[in-house]
Amino acid sequence: MKFAILALLAAVFGALAAAGVALLGRRDAATRDRRMARALAWRIGLSIALFLGVLLAWQLGWITPNAV
């Protein structure tokens, strides 16, 4: 389960990096904006999937919070 969470978190950061690269790219404005918007949309979708996955794993008992 930890691997899945870390993989999704890495994918979120990868999408964020892709949006940054698209923002700094030397393409025309329309292409740059489209690529950046698509990367940010992927980041939002992956973040929501990660959040819902953690909630589901907690509800099913696959992960438990630490008693700190």
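Biologist: Is isoleucine 5 buried, partly exposed or exposed?

Modeller: Isoleucine 5 counts as partly exposed, because its relative accessibility is 24%. Please keep in mind that this is a predicted model.

Biologist: In which helix is isoleucine 5 found?

Modeller: Isoleucine 5 is found in helix H1, and helix H1 covers residues 2-24.

Biologist: How far apart in space are isoleucine 5 and tryptophan 58?

Modeller: Their C-alpha atoms are 12 Å apart, although 53 residues separate isoleucine 5 and tryptophan 58 in sequence. Tryptophan 58 also belongs to a nonpolar surface patch.

Biologist: Which other residues make that nonpolar patch, and what is its area?

Modeller: Ile44, Ile48, Phe51, Leu52 and Leu55 make the patch together with Trp58, and its area is about 610 Å².

Biologist: Take isoleucine 48 from that list. Where is isoleucine 48 found, and why does it count as partly exposed?

Modeller: Isoleucine 48 is found in helix H2, which runs over residues 29-60. Its relative accessibility is 47%, and therefore isoleucine 48 counts as partly exposed; a residue must be over 50% to count as exposed.

Biologist: Which residues does the UniProt "transmembrane region" annotation cover?

Modeller: According to the unreviewed UniProt entry, the "transmembrane region" covers residues 41-63.

Biologist: How much of residues 41-63 is helix or strand in the model?

Modeller: Over residues 41-63 the chain is 87% helix and 0% strand.

Biologist: How far is lysine 2 from isoleucine 63?

Modeller: Lysine 2 and isoleucine 63 are 61 residues apart in sequence, and their C-alpha atoms are 8.9 Å apart in space.

Biologist: What about the alanines: is alanine 22 buried or exposed?

Modeller: Alanine 22 counts as buried, because its relative accessibility is 2%; the cut-off for buried is under 20%. Alanine 22 has its place in helix H1.

Biologist: Which residues form the positive surface patch?

Modeller: Arg27, Arg34, Arg35 and Arg38 form the positive surface patch. One of these, arginine 38, lies in helix H2.

How values were computed
Residues numbered from 1 in each chain as written. Predicted model: local features only at pLDDT ≥ 70, side-chain atom pairs only at ≥ 80, totals over all residues. Heavy atoms only, no water. UniProt positions renumbered as here; feature names shortened; annotations may be inferred. Helix = DSSP H or I, 4+ residues; strand = E, 2+ residues; numbered from the N terminus. Patch = residues over 30% accessible without salt bridge, like charges linked within 9 Å, V, L, I, M, F, W, Y side chains within 5 Å. Areas by Shrake-Rupley, 256 points an atom, 1.4 Å probe, with all protein chains shown as cover. Salt bridge = Lys/Arg side-chain N within 4 Å of Asp/Glu carboxyl O. Buried < 20%, exposed > 50% of the residue type's maximum accessible area, 1.4 Å probe, protein only. Lys, Arg positive; Asp, Glu negative; His and termini not counted. Charge placed at Lys NZ, Arg CZ, Asp CG, Glu CD.
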